[in-house]
Structures are given as C-alpha cells and as structure tokens.
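Me: I would like to go through this structure and check the terms against the values. Please give the cut-offs as we go.

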Amino acid sequence: MANISGTKCPKCGHTSFELVRDCPTNSNHDMYYIRCSSFSCHTFLHAIPLADTNYLIEETKKSVERRISGVENNIGIVNENIGRVVALIKAFTDKK
Ligand SMILES: [Zn+2]
C-alpha cells in the first residue's frame, strides 16, 4: 500500500514503512514495530501490542465467570448430596 500521508523516515527520509513482529529484550510479550522499510535504515517509529488486551481481558472475564458458575452448580449438588447423607444417617440412628 502506498504512503499517501507523505510520512518520511526521520533518519533517512525514506517514505515506505513496514510492520514487523518482535519480542523486546526483558519482555514476555511480542510486539509489532512500525519501522522504516529501507534495508539500510530500519529506524524504529512506533510499537503496537501484538494482542488486543481489552479483548483478551473480556474473554478471560467471560471464561472465569463460566468457571465460577460451574463451581457454584457443583457446590449446590454437593450440598444436596450431603443433605441426603445426613437424612439417611438420621433415619438409620432413629431406628435404633
Ligand atoms: Zn529510514
């Protein structure tokens, strides 16, 4: 795609840029860099997170909510079963 904005590399004046994926030193996450596409330059211009963090947070929240709901349902089943066991024990001890 053409550089219709007329943006120039601040170092060499080149007018074409590229997006490259890289992992900065001491980072656990990859980033996208926008840099000058001149092979002899590659001056860094801007960094963009690889992932859409807002989307990831929302998806993680939904996953956690689903898991909590599952745990709550299981706790309900366990409570019902405990009630049945208590009732059986009571019925057994009352017969004696
Ligand atoms: Zn350049």
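Reply: The centres of domain 1 and domain 2, taken over C-alpha atoms, are 50 Å apart. Domain 1 covers 1–50 and domain 2 covers 51–96, with bounds that come from an automatic or database domain assignment. This is a predicted model, in which local features need pLDDT of at least 70, side-chain atom pairs count only at pLDDT 80 or more, and totals for chains, interfaces and linings use all residues. Residues are numbered from 1 along each chain as its sequence is written.

Me: Which elements does the protein have, and in what order do they run from the N terminus?

Reply: The protein has three strands and one helix, in the order β-β-β-α. Helices (H or I, at least four residues) and strands (E, at least two) are DSSP runs, numbered from the N terminus.

Me: What makes the protein more spread out than a compact globule?

Reply: Its radius of gyration, taken over C-alpha atoms, is set against the globule rule, 2.2 Å times the number of residues to the power 0.38. For 96 residues the rule gives 12 Å, and the protein has 30 Å, well over that value, so it is more spread out than a compact globule. The C-alpha trace spans about 95 × 30 × 15 Å along its principal axes.

Me: Why is Pro24 called exposed?

Reply: Pro24 has 11 within 10 Å, so it counts as exposed. Pro24 is in the loop between β1 (17–22) and β2 (31–36). Its C-alpha atom is separated by 54 Å from that of Ile82, 58 residues apart along the chain.

Me: How do you know that α1 lies largely in the open?

Reply: The number of buried residues among the 43 of α1 is zero, so the helix lies largely in the open. Helix α1 (residues 53–95) reaches 63 Å from its first C-alpha to its last, close to the expected 63 Å; the expected span is 1.5 Å times one less than its number of residues. Over the whole protein, 1% of the 96 residues count as buried.

Me: What makes β1 and β2 a pair, and in which sense do they run?

Reply: Two strands pair if DSSP finds at least two bridges between them. β1 and β2 have six bridges and are antiparallel. Val20 has Tyr33 in β2 as its bridge partner, and Leu19 has Ile34 in β2. β2 is also joined to strand β3 (residues 44–49) by five bridges, again in the antiparallel sense. There Met31 stands opposite Pro49 in β3.

Me: Why do β1 and β3 count as edges?

Reply: The open sheet of three strands has the order β1-β2-β3, with antiparallel pairing. β1 and β3 each have a single partner strand, so one side of each is left without a neighbour in the sheet.

Key
A residue is buried if 20 or more other C-beta atoms lie within 10 Å of its own, exposed if 12 or fewer, and partly exposed in between; C-beta atoms are placed from the backbone.
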